[in-house]
Amino acid sequence: MTGDPIGRRGRDLVFSDNTDRWTGRVLLLCLVVALPKEMSGPSLAGLPFDFGAAAFFAVLGWLCFRMGFRMRLTARRDHFEVANPLSVDRIAYRDVTAIDCDLLSVRISLASGVRVRAWALSDSLLSTRGPRGQKLVDRLGTVTAERQTADGPPHTRSRFPDWSMALALFALFSGAIAYRLLTQ
């Protein structure tokens, strides 16, 4: 059985960078394990500072979650799905006019003039500029040409996806503060 390098069978092709993903996962693990333990100890700064720190680290944890588990460029059956740290873009293949490799990311240009960057590939492109980066761009161009249809969703962008993760982390960190207050 031979591989299907450009997705002729219509399956989803996922492009992401493992280094950035593992960095986000390790940072999230450190936040989830170490921070509640630290916040359940005695506080020297006071309750308002503690809840401010909990909110700050919840947002930081949300970014680590997005970076470690969600950032990717996916070639779906009728559209690209570009998941960046703060947004998710869905781009129909018919709207793609050019795919370029710049210094830090893959950039998809649309017929409307909008440019969408795929930050999920930043580390791999930094280390593979030149022929390997161009090979990736060529592969994405081939996928776009082969899956070109009149179907597909219009270009949409959703901002702050997975925001409930930040609330869950804030609840975890606030629970550590409440535990400290109840056991003192």
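Entry, surface patch. In this predicted model, I looked up which helices supply the nonpolar patch, and I found that H2 and H5 each contribute at least two of its residues. The patch on the surface is formed by Val59, Leu63, Leu86, Phe160, Trp163 and Leu167, and I noted about 600 Å² of accessible area for these residues together. I placed Val59 in helix H2.

Entry, helix pair. I then turned to how H2, residues 47–70, and H5, residues 163–183, pack against each other, and I recorded an angle of about 145° with the axes 8 Å apart. The crossing in which H2 passes H5 is right-handed. On the H2 side of the contact I listed residues including Leu47, Phe51, Ala58, Gly61 and Phe65, and on the H5 side residues including Trp163, Leu169, Phe173, Ile177 and Arg180.

Entry, salt bridges. I took a nitrogen-to-oxygen cut-off of 4 Å for these pairs, and by this rule the count came to 9 salt bridges. One that I followed up is between the side chains of Arg76 and Asp12, which meet at 2.6 Å, N to O. Arg76 lies in the loop between strand E2 (72–75) and strand E3 (79–83), while Asp12 lies in the segment before strand E1 (13–15), so the pair ties together parts that are 64 residues apart in sequence.

Key:
Residues numbered from 1 in each chain as written. Predicted model: local features only at pLDDT ≥ 70, side-chain atom pairs only at ≥ 80, totals over all residues. Heavy atoms only, no water. Axes fitted to C-alpha atoms, helices over the stretch in contact; angles between N-to-C directions. Helix = DSSP H or I, 4+ residues; strand = E, 2+ residues; numbered from the N terminus. Left-handed = near helix turned anticlockwise from the far one by under 90°. Contact = heavy atoms within 4.5 Å. Patch = residues over 30% accessible without salt bridge, like charges linked within 9 Å, V, L, I, M, F, W, Y side chains within 5 Å. Areas by Shrake-Rupley, 256 points an atom, 1.4 Å probe, with all protein chains shown as cover.
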